[in-house]
Amino acid sequence: MSRPEADQLLLDAEADVRPTPQGAAARRALLAHPVILMVGIVLASLNMRAALASVSPLVGEITDTFGLSSTATSLVTSVPVLFLGVGAMVAPWLGRRFGTEAVLFCALLLLGVGIVVRVVPSTIALYGGGILIGVAIALLNVLMPGLIKRDFPDRAASMTSVYTGSMIAGATVVAASSVPLEKAFGGSWEASLAFWSLLAAVAAVAWLPQVLIARGRTGHEVRVAPAAGAGAAPKSVWRSALAWQVTLFMGLQSLWSYVLIAWMPTIFTDHGMSRSTAGVVFAFNNLIQVAGAFGVPLLAGRMRSQRPLVVLVSSLVAGGYVGLMVAPVSGAWLWSAVLGVGQGGAVGLALTMIVLRSGDAATAARLSGMAQTIGYLLAAVGPLAAGAVYQATGSWTVPIALMLGVCATALVVGLFAARDRKI
């Protein structure tokens, strides 16, 4: 490997710094045996939607327990998404200050705590746990693309497909298991939700070796700066039109997905489907997302422009929403499959475009922070607005029609974001 290639490989994704010589040696040693790193990435990714997907099949029980309105119920899923955006604001600073590995480890611990807090018998704890969960997932969301750009620069698209696929696989297992776990725990939705704190704990344990390597051998606190050249001003993604286009596509695809995460089972049960069947169909939707999440990033990495993929995923999601409007129960499995491929493909495409539109790992980290800060703040509006409109109209027709408008807007923005350009 040439020296410039080594420098690119060893660049800290969260800071414009070079590691110390000891740090460079430690990073090369870790990447020479990447199994530990791969296991950590996969297990962390499994947690990135699990805590959110576990709630949707049980939202009826949560509503009944606390006597919540439709709008208040929507806050159960909207609050974590809102704090995905808030947490994304501080994630890059935390990565620069303490190092990626340490922050990801602490995020997994915080996620486990948030899951447990959420089931304490109090509405304050219900929403407070959601805040902790949102912040924790935000740290994982923002730092992972930069880490992948740093440690796998030549396999960024394929590694993105691995972690997005793992993220969706985790949501699938959790969605399918929530109601059976509730029954297994004697009808306790609290125990069903709390069970998934174990998944976060396992991931934290798997990440610990990387924390020890990073802190014990790299000496993060004594790294020297800056890597991009003395006195060089960092690129400002906030002033880039392309960065804003990527950010808006991220936000709009997140919005349509989190509306489905919050309300898809309820849409089915409101039209007469049993709660257990609705949970299985919802899990099937998450399972199908794996196909899009794996396939679309791989295709995107082989294309100079990703515009055909933007058209594909936006059209699939719009078609699925139309199906939910006209025949939600009789076509439930078909609409779940169509939506699943579109949703998985869209999130994989959005995350891949963060990497592909970035010229280096530091830019990828900044763009990731921007896209996920603004994107998730925008996405948080979705579940809350859908619940409020549903409560006001007594029907899912108007909320779904609004989501079709989101799909059209995402298509337009995505066509600009998918151009073969670099920030």
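Does Cys-407 count as buried or exposed, and at what relative accessibility? At 3% relative accessibility, Cys-407 counts as buried, where buried stands for under 20% relative accessible area, exposed for over 50% and partly exposed for what lies in between, with a 1.4 Å probe and protein chains only.

1. Basis of the note. This is a predicted model, in which local features need pLDDT of at least 70 and side-chain atom pairs count only at pLDDT 80 or more, while totals for chains, interfaces and linings use all residues. Residues are numbered from 1 along each chain as its sequence is written, and side-chain values use heavy atoms, with hydrogens and water left out.

2. Overall make-up. The protein chain has 17 helices and 0 strands, these being DSSP runs numbered from the N terminus (helices: H or I, at least four residues; strands: E, at least two). Of its 423 residues, 58% count as buried. The chain exposes about 15300 Å², of which carbon and sulfur atoms supply 69%, as computed by the Shrake-Rupley method with a 1.4 Å probe. Among contacts (heavy atoms within 4.5 Å) with a separation of 6 or more, 85% come from residues 24 or more positions apart.

3. Cysteines. A search of the whole structure finds 0 disulfides, a disulfide being a pair of cysteine sulfur atoms within 2.5 Å. Whereas Cys-407 is buried, Cys-106 counts as partly exposed at 48% relative accessibility.

4. The structure holds 3 salt bridges, each defined by a side-chain nitrogen of Lys or Arg within 4 Å of a carboxyl oxygen of Asp or Glu. In one of them the side chains of Glu-61 and Arg-275 meet at 2.8 Å, N to O, and this pair links helix H5 (residues 59-66) with helix H13 (residues 275-301) across 214 residues. Glu-182 also forms a salt bridge with Arg-275, at 3.2 Å between the closest N and O atoms; here helix H9 (residues 156-184) is linked to helix H13, the partners being 93 residues apart. Glu-61, at 16%, and Glu-182, at 5% relative accessibility, count as buried, while Arg-275, at 32%, is partly exposed.

5. The pair Arg-304 and Asp-420. These residues form a salt bridge with the closest N and O atoms 2.8 Å apart. Arg-304 lies in the loop between H13 and helix H14 (307-326) and Asp-420 in the segment after helix H17 (397-417), so the pair ties together parts that are 116 residues apart in sequence. Arg-304 is exposed at 65% relative accessibility, and Asp-420 is partly exposed at 40%.
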